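Please examine the sequence and the structure shown below before reading on.

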Amino acid sequence: MHPKNPACSPQPKKRHHYLQELQQPLQPEERLYRVVTDGMCIGCGLCQSIAGPEKIQMRLVENLTQRPVATGSLDGETVDRIYRTCPGTRIEGLPEEQIEADSHSDRIWGVWRQLALVWAAEPQVRYRSSTGGVLTALALYLLEQKEVDFILHAKSSRQYPAFGQHAISRTRADVLVAAGSRYGPTATLADILGILEQAETSGETFAFIGTPCDVTGLRNLATEDPRVDACCRYRLAMVCGGFMTPVALRRFLAEIGVEWGELQSLRYRGYGCPGPTRIETRDGQVIEKNYLDFWGDNEAAWQLPFRCKVCADGIGDAADVAAADTWDGGSPTREGQADDPGQNAVILRSRRGQALLEKAEAAGYIVTGSALTPRDLDRFQPHQVAKKKAVWARFVGMRNANCIVPEVARLRLKPLARAQSVAENLREARGARERCRKQRNQEDLPCPID
Ligand SMILES: Cc1cc2nc3c(=O)[nH]c(=O)nc-3n(C[C@H](O)[C@H](O)[C@H](O)COP(=O)(O)OP(=O)(O)OC[C@H]3O[C@@H](n4cnc5c(N)ncnc54)[C@H](O)[C@@H]3O)c2cc1C
């Protein structure tokens with residue numbers, strides 16, 4: 001158990017209303033916290049980088065996730081910049097100038113130039129990685145063929161073994177250490193401005209691998225900071241259905257007899273597809289559980305943060321390349337896992353992303369299998385399809401309950417909602433509104449416990 005910070009007195013859940021804001025504008029710190037209290041913070045850490053760690057720090061807070069905590073006095077301009085770039089307040093698809101006239105566009109899956117089954121050519125890379133190892137293999141190609149100087153992505157957190165932390169990889173060994181999915185809080189962008197500054201000074205370039213939210217944050221930042229496009233050559237994303245709430249994770253650990261504080265390491269998946277969830281404790285115990293024991297046998301069992309339940313882009317709409325799992329129905333079966341070598345579905349969205357895959361294949365890093373169609377992706381990702389169709393109505397409900405709703409562009413949410421029945425849209429909108437009215441989206445003001 002983490003000790004409670006005595007500086008934090010119990011706080012009533014605090015709600016803000018747009019109307020109240022008009023009458024009495026929120027202070028910069030209150031505006032920052034509103035993203036958190038309305039349940040829209042994903043914990044990417046971009047705000048820490050924008051304000052600087054002397055003003056905002058990503059800290060472990062009472063709900064056991066990482067949230068921004070104001071550690072210095074914030075000004076309105078800084079918080080305005082945070083609102084313009086935060087993936088909780090602004091989400092856009094591929095920049096218009098990168099949408100080629102001959103690209104396809106699917107209502108669900110967005111802009112694409114090529115869809116295919118793909119896997120890492122090296123069996124060890126394929127085995128070790130989450131699915132077919134395409135993200136790891138592309139990172140290896142980019143580094144070893146000297147297309148970029150480093151990869152910015154995520155690896156297991158040293159401080160909190162269930163979490164991720166941002167990682168800069170310059171060697172094969174670094175890249176392999178970071179292979180696999182981190183299904184816990186991961187502040188991939190916590191030092192992005194420092195990294196950009198260093199890259200610009202030393203004339204280095206990099207490729208970025210992250211969740212769709214991370215790519216959104218980076219794209220948003222690029223609209224204000226030219227160093228992003230100057231230094232970041234590629235943006236790769238995994239298709240993301242959300243991560244497990246740390247509270248649910250603690251419950252899972254308790255059920256298998258592991259105390260949170262006893263955790264030494266947690267590998268969510270990899271070493272097979274999906275591979276076992278492997279837990280090591282400080283006293284040397286090793287427990288391996290089936291992926292389905294961890295996540296549950298069906299989607300309804302997934303314990304996700306509110307932000308992930310109303311995600312407008314889980315499919316890497318803004319990435320050059322997005323990589324996904326390929327199980328029919330969205331989950332592996334227990335029987336099928338033993339001999340599954342893993343293959344990714346990839347969505348190549350930009351000309352740059354398509355060229356990257358071609359070059360990596362020609363250099364022997366990647367194997368490309370059969371072509372896919374958007375309807376194949378529907379089969380692999382029914383949860384993404386359902387969410388994409390429902391999000392516009394959920395946003396209507398959230399707005400109705402005076403909660404923060406992200407500004408969106410090029411995500412096709414409205415046309416998708418129009419194709420739904422009125423009854424379906426009403427159900428989604430009312431559900432989200434009730435959830436917000438009952439404050440089930442709400443998080444407490446972030447109170448650090450680390
Ligand atoms: C939170 C989360 C939710 C997901 N939900 C889905 C889903 O709904 N549908 C689906 O098809 N696939 C989902 N995946 C993706 C899937 O698990 C694989 O990551 C994806 O198929 C890529 O496989 P790969 O073998 O190429 O990855 P690998 O070769 O193992 O490479 C993974 C790369 O992602 C980076 N990474 C891992 N975790 C994080 C993180 N939390 N934040 C930033 N970077 C990270 C690593 O540094 C590594 O570079 C999810 C992954 C995560 C992390």
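Which exposed residues does the face of helix 11 turned away from its buried side carry?

## Helix 11

The structure is a predicted model. On the face of helix 11 turned away from its buried side, the exposed residues are Arg-251, Ala-254 and Glu-255. The buried residues of this helix, which comprises residues 246-255, are Pro-246, Leu-249 and Phe-252.

Helix 12 (291-295) is included in what covers the buried residues of helix 11. After helix 11 comes Gly-257, which has a positive phi near 80°.

## Helix 14

Helix 14 consists of 12 residues, 351-362. At 1.5 Å a residue, helix 14 should span 16 Å, and the 17 Å between its end C-alpha atoms agrees with that expectation. Its buried residues are Gly-353, Leu-356, Leu-357 and Ala-360. Because they cover an arc of only 95° around the axis, they are placed on the same side of helix 14.

Just after helix 14, Gly-364 adopts a positive phi of about 85°.

An open sheet is formed by three strands in the order 11-12-13, with antiparallel pairing. Strand 11 (263-267) and strand 13 (286-289) are the edge strands, each pairing on one side only. On average, neighbouring strands of this sheet are turned by 15° against each other, direction ignored.

Four bridges join strand 11 to strand 12 (residues 277-281) in the antiparallel sense. Arg-267 has Arg-278 of strand 12 as its bridge partner.

## Surroundings of the ligand

The ligand is surrounded by 36 residues, of which the closest are Ser-129, Thr-136, Gly-241, Ala-324 and Asp-325. Two or more residues of this shell come from each of helix 6, strand 7 (150-156), strand 9 (206-210) and strand 14.

Which element gives the most to the shell around the ligand? Helix 6 does, with four residues.

Conventions:
Residues numbered from 1 in each chain as written. Predicted model: local features only at pLDDT ≥ 70, side-chain atom pairs only at ≥ 80, totals over all residues. Expected span 1.5 Å × (residues − 1). Buried ≥ 20, exposed ≤ 12 C-beta atoms within 10 Å, placed from the backbone. Arc of directions from axis to C-beta. Pairing = 2+ DSSP bridges. Axes fitted to C-alpha atoms, helices over the stretch in contact; angles between N-to-C directions. Near = placed C-beta within 6 Å. Contact = placed C-beta atoms within 7 Å.
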